[in-house]
Amino acid sequence: MQYFTESHNMLRASVRKFIAREIAPHVDKWEKDETFPREIYKKAGDAGFLGLCYPEELGGTPADLFHMVAYTEELMRCGSVGLSSSLNCGSIAVPPIFAVGTDEQKKTYIPPVLEGEKIAVLGVTEQSGGSDVASLRTRAERKGDKYIVNGSKTFITGGSRADYVTTAVRTGGPGAGGISLLIIPTDTPGFSVSRKIEKMGWCASDTAELFFDNCEVPVENRLGEENRGFAYIMLNFQKERLYLAVQAHAVAEYALELAIKYAKERVAFGSPLTGFQVTRHKLSEMATLVEISKQFNYFVAAKIEAGEDAYREVCMAKNFGTKSCDRVVYDAVQIHGGYGYCREYMVERLYRDSRIFSIGGGTYEIMNEVISKRLNL
Ligand SMILES: Cc1cc2nc3c(=O)[nH]c(=O)nc-3n(C[C@H](O)[C@H](O)[C@H](O)COP(=O)(O)OP(=O)(O)OC[C@H]3O[C@@H](n4cnc5c(N)ncnc54)[C@H](O)[C@@H]3O)c2cc1C
């Protein structure tokens, strides 16, 4: 099945060049420093990457879902999944603005993010729980033409240097029907970054806790209707989960390639590792998992692109892709022996960076819950 055209391949080539020129020479230092320069956003914006799939009048680059798939796959080879996630934090913050924002909101908030001038992040998760979005507690009380926002968010990718936060707040009663989305500029008095969180992987990615202390937010910053925010958050979940599944198969494929290379070169007991049947079979099983998850992700992307309902399949793709990736990176480290446990080997980073795939964007267990509902269980 042929999913990619010349146009997708050209995009791949330009992402590869971008990585070679702007990221690869510095990425190890950035991982160590646990940050990367803000100017990378601007460079990626200038290259048209941050605007993929948005209309030109908003500063976007017209593209289809397979351009996003190709872009995501290539970025997984930049040496830092965390950098890629922070760089693309707008890909979860901007879709609700695009989907339900007014023309004014779109014109004000979208172009600067797609151009890499401003950073927009999505603030949904709170300390009290991320899976149970409907129970979030950050409160926005209406006072005339303003909301007064009090509460906090955690694990927010890109949060410590964001310019605005697409924030889920409680404007109504308990449950999903009491949530609204507000665009909160981070220069609003009362907004602060409480701390940057240290993590197992995604080291170059900025993950922050945000605090809202009596932040006054104009009502005109609300996205869509009051108390409809839960539905707006759900709108982009299909694509977010598909991209995570694609990240997982791409990281697994990269780890497989590194493991094959290493197994051919490394000699033990007078034979390359590939001389042992157990290693060959391990690599064969890894390749099987990579291929199946990749092809299923392409199939799901094609379904979404055709406008078909793929809600159940997206969850299956995320779970199969992330579980397969877990297995493949584990075995890639195993094949590298002690070197696989060392920082200077890429498989070590891929092992750490991929652990979050089955947690973020809906956990493995929550994906199974969604699938089971679709099975009428
Ligand atoms: C590096 C990183 C980046 C992130 N970026 C963002 C971001 O940019 N914006 C944002 O809003 N959030 C972000 N998150 C948050 C992420 O989406 C949440 O961590 C995730 O949704 C899980 O929520 P939780 O951590 O509170 O776990 P919990 O919801 O507390 O879950 C804990 C465990 O219980 C299980 N569980 C919960 N409910 C059920 C159930 N009903 N049935 C069975 N098992 C269940 C879960 O599967 C999990 O295993 C990020 C997280 C990380 C670590």
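# Terms and values

Reader: What makes strand S5 largely enclosed by the rest of the structure?

Author: Of the 7 residues of S5, 6 are buried, so the strand is largely enclosed by the rest of the structure. Buried stands for under 20% relative accessible area, exposed for over 50% and partly exposed for what lies in between, with a 1.4 Å probe and protein chains only. Strands (E, at least two residues) and helices (H or I, at least four residues) are DSSP runs, numbered from the N terminus.

Reader: What kind of model is this, and which residues and atoms count?

Author: The model is predicted: local features need pLDDT of at least 70, and side-chain atom pairs count only at pLDDT 80 or more, while totals for chains, interfaces and linings use all residues. Residues are numbered from 1 along each chain as its sequence is written, and side-chain values use heavy atoms, leaving out hydrogens and water.

Reader: How do you know that S4 and S5 pair, and in which sense do they run?

Author: Pairing requires that DSSP finds at least two bridges between two strands. S4 and S5 are joined by 7 bridges and run antiparallel, with Tyr164 opposite Pro185 in S5. S5 and S8 also run antiparallel, joined by 2 bridges, and Leu181 faces Leu223 in S8.

Reader: In which sense does S1 pair with S4, and over how many bridges?

Author: S1 and S4 pair in the parallel sense, over 4 bridges. Val121 stands opposite Val165 in S4.

Reader: How do you know that the length of H7 agrees with that of a helix?

Author: The expected span is 1.5 Å times one less than the number of residues. For the 12 residues of H7 this should give 16 Å, and the end C-alpha atoms are 16 Å apart, which agrees. H7 is followed by Gly116, which has a positive phi near 80°.

Reader: Which residues of H7 are buried, and what covers them?

Author: The buried residues are Gln105, Lys106, Tyr109, Ile110, Pro111, Pro112, Val113 and Leu114. Their cover includes H3, H6, S1, S4, S5 and S8, where cover is counted by contact, that is, heavy atoms within 4.5 Å. In helix H6 (residues 90-100), Gly90, Ala93, Val94, Pro95, Pro96 and Ile97 are buried, and their cover includes H7, S1, S4, S5 and S8.

Reader: Why is Glu313 called buried?

Author: Its relative accessible area is 11%, so Glu313 falls within the buried class. Glu313 is found in helix H11. Leaving aside neighbours within four places in sequence, Glu313 is in contact with Phe296, Val300 and Lys303.

Reader: What makes a set of residues a nonpolar core, and how many residues has the largest one here?

Author: The members are buried Ala, Val, Leu, Ile, Met, Phe, Trp, Tyr and Cys residues joined through side-chain atoms within 4.5 Å. The largest such set has 84 residues, and Tyr71, Leu87 and Val149 have the most contacts inside it. Helix H9 (residues 237-265) supplies the largest share, 15 residues. Apart from this core lies another of 23 residues, among them Val113, Leu122, Val124 and Tyr232.

Reader: Which residues does Leu87 touch?

Author: Not counting residues up to four places away in sequence, Leu87 touches Phe36, Ile40, Tyr41, Ala44, Leu50 and Tyr71.

Reader: Why is the pair of Phe18 and Phe49 described as it is, and how many aromatic pairs are there?

Author: A search of the whole structure finds 15 aromatic pairs. Rings of Phe, Tyr and Trp (its six-membered ring) pair if their centres lie within 6.5 Å; planes under 30 degrees apart are stacked, those over 60 edge-to-face and the rest tilted. Phe18 and Phe49 are 5.3 Å apart, centre to centre, with 90° between the planes, and the pair is edge-to-face. Phe18 lies in helix H1 and Phe49 in the loop between helix H3 and helix H4, so the pair ties together parts 31 residues apart in sequence. Phe18 and Phe49 are both buried.

Reader: How do you know that Arg161 lies over the face of Phe36?

Author: A charge sits over a ring if NZ of Lys or CZ of Arg is within 6 Å of the ring centre and within 35 degrees of the ring normal. Arg161 lies over the face of Phe36 at 4.6 Å from the ring centre. Arg241 lies over the face of Phe237, at 4.2 Å from the ring centre.
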